[in-house]
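Welcome! Please take a moment to look over the structure shown here before reading on.

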Amino acid sequence: MTSERKKTRASTGSPSIRVQPTPPPLRDTRYRFFINHSFHWLCWSTAVASVAVLVILIHSILIQGVPTLSWTLLTSAPSQNASEAGVWPAICGTIWVCGLCALITMPAGVATAILLEEFPPRKRLGQFFHGIIQLNISNLAGVPSIVYGILGLTAFVTMFGIFSADPTLPGFEIGVHHYQQFMSEGDRAILVPVDTADAQPIQLSDGMLAYDRDLNSIEVHVIEPGGEYPAEGELLDRTLVSDAEGGAFSIPSFYYFRLPFGRGVIAGALTLMLVVLPIVIISSQEALRAVPSSLRAGALGLGATPWQVIWNVTLPSAIPGIMTGSILAMSRAIGEAAPLLIISGVVFISQAPQNLMDEFTVMPLQIYKWADRPQAEFRAIAGSAIILLLVILLSFNAVAVYIRQKLQKPLS
Amino acid sequence: MPSAASPELSTAVQQVFANPRRSLRGTRAREVIIYFCLILCACFSILITVSILGVLAKETWNFFQDEDVTLANFLGSTKWNPTLGSQHSFGIWALVSGTMLITVIAMAIALPLGLISAIYLSEYAPTRVRDILKPVLEILAGIPTVVYGFFALMTITPMLQRVLSEVNVFNALGAGIAVGILCFPTVCSLSEDALRAVPRSLREAAYGLGGTRFDVAIKVVLPAALSGIISAFLLAVARAIGETMIVALAAGSRPHVTIDPREDVQTMTGYMVQMATGDISNYDVEYYSLYAVAFTLFVLTLTLTMIGNIVRKRFREKYE
């Protein structure tokens, strides 16, 4: 259509005007259309290529992962034997770390977004401060996550070395019982309570209080080296030779707390918070900005204070948007491996974390550990673990899309 | 009807049902307290930046205090040998060149593809294609980087080995392609946002002058959205520089200067992962080199991000 119009104008226009000696040269229309069409094809093939990349990616992971996908993989712990290895501790670790991270990040992020969006500064100083925070947040969003890992290692794991010089040893702790563990002559473990994890070897004495592995109190029967062994079984079970050497053994409670945090769940969660906080702030800001100002004006006109407006009007209307953004931020946190790799290193974790200070592993870390091994069978179970991780992430994204579609009412 | 009732009755009813008026002083105090709590939360983000800078600068200072390390060696050498006792050499360029190689490969893929897809989505694509393409891009953007690393190691590299000769098991090309795929949705969605922000009237004027879609997209809309697109490019470069898991899995761990993408290289992030997964509890010069590399990485990406933000804000074409 456009071409015809163009052509007729070009053909009829030039002879009628006599004043202009030569009409301005029009570019060949057919050439322009050829360019347009070929660019359209280029665009189209790019689009097909991006779909093809996704298809190849998913196809190759399914090919590598599905054969080894099994119930064992889901429910058992990592193992040196690929056929018995599983991701259960990693799934629990992901739930612990990301759940805790969400609990910390959401209030802080939404509060910052509220300050930036709902309290526009009036004075020069306030405007300056406001601009600095805004610029800072958009810059923080571009910092590589591994740098946050380094910050987390210094600020949370070792806490700048304030509390103790050796990050593996706590400078302050509550909720833990330390023992020295001895093997009795009847081959039973006997726990003798001590004050600290690195206490001096204790002097065993007859009749001192001790515990067995189920924490039932027992009396220790001590004999001299080369002394007379008791014949009876029960007494032999709690008999120790006086020069026996114990090993350190700790039983933390569920509320175990220590400073510095060490390579524990809470250090991981705080580090992930650093990574996702800018994302949560930016998406919450967008959600708050989408609330029409007529709602605020109406509430303010009824005599509500600024906070009453936010709490009763703005926040309820912005909740679907905030939830969507936060869920997407959390799915980023679930897939994030680099900062946690710096925090936790490569340690062998065989059970789910029991308290906030317990060492942990998460799904992406477990995948990295397996994929980094040269053996083909471990790479295969890494593929299976990737399938599990993608299923978790896709269900998260599905929830976000559902909230966006269903809960978001038109507000204006 | 309330108006029909007698005034005494209505005041009595009001007294029974009305909320007792809250004291204004309490409300005002609450407002102030909440406001200060919000300010504290906002200051937290500043605290994060300050502590990143502080930690990295202090530990990098400690790194340069060591007698084996000199600034001239750090900035002027291309040999990175942190662990070899007497032959220590900390030439950051060995790591920077690896990062640059990966970034160039990634950007050669992500920038053209991302920009063309963005133009397609904003100017050409019918709604049905958009409805397919947008979710595909969202899924690609949501896939964890460790998955891309696995993909690079297990799929891209074997493909490359079939096509090219002498491709190492760990190679820059495979990792770079995976980083490119990772950055592609970022470039695409940010550029598309910039293109969509160009007002309709400009497009309609261009169509009215007889422009084809190509003319409108490339000669009118693209220049108008250029600031946003350049900022998207810079953010994508920053993202590629800071990408960790893909290069840790697929790029190898040999720090050296090369431009052959079939060889294995070590990037700054790759070195940090290698150090962190080893034993780093002892505070020696290797441990502090982790911070020096992190500081270099942070400075690079922060500069790119800041330039990107400034370009987007300052050079935006404004239309009424």
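## Where the chains meet

The contact involves 69 residues from chain A and 70 residues from chain B, two residues being in contact if their C-beta atoms, placed from the backbone, lie within 7 Å. On the side of chain A that touches chain B, helix H2 (residues 29-65) of chain A gives the largest share, 17 residues. Helices (H or I, at least four residues) and strands (E, at least two) are DSSP runs, numbered from the N terminus.

This is a predicted model, where local features need pLDDT of at least 70, side-chain atom pairs count only at pLDDT 80 or more, and totals for chains, interfaces and linings use all residues. Residues are numbered from 1 along each chain as its sequence is written, while chains are lettered from A and ligands numbered from 1 in the order in which they are written.

## Confidence in chain A

The predictor's confidence in each residue, from 0 to 100, is called pLDDT. Chain A averages 84, and 91% of its residues score at least 70. The table gives the lowest and highest mean pLDDT among the elements of chain A.

| Element of chain A | Mean pLDDT |
|---|---|
| Helix H1 (residues 2-16) | 47 (lowest) |
| Helix H8 (residues 265-289) | 94 (highest) |

Over residues 1-14 of chain A, pLDDT stays under 50. Where pLDDT is low, the predicted coordinates should not be read in detail.

## The build of chain B

Chain B holds 13 helices and two strands. Its C-alpha trace spans about 100 × 65 × 35 Å along the principal axes.
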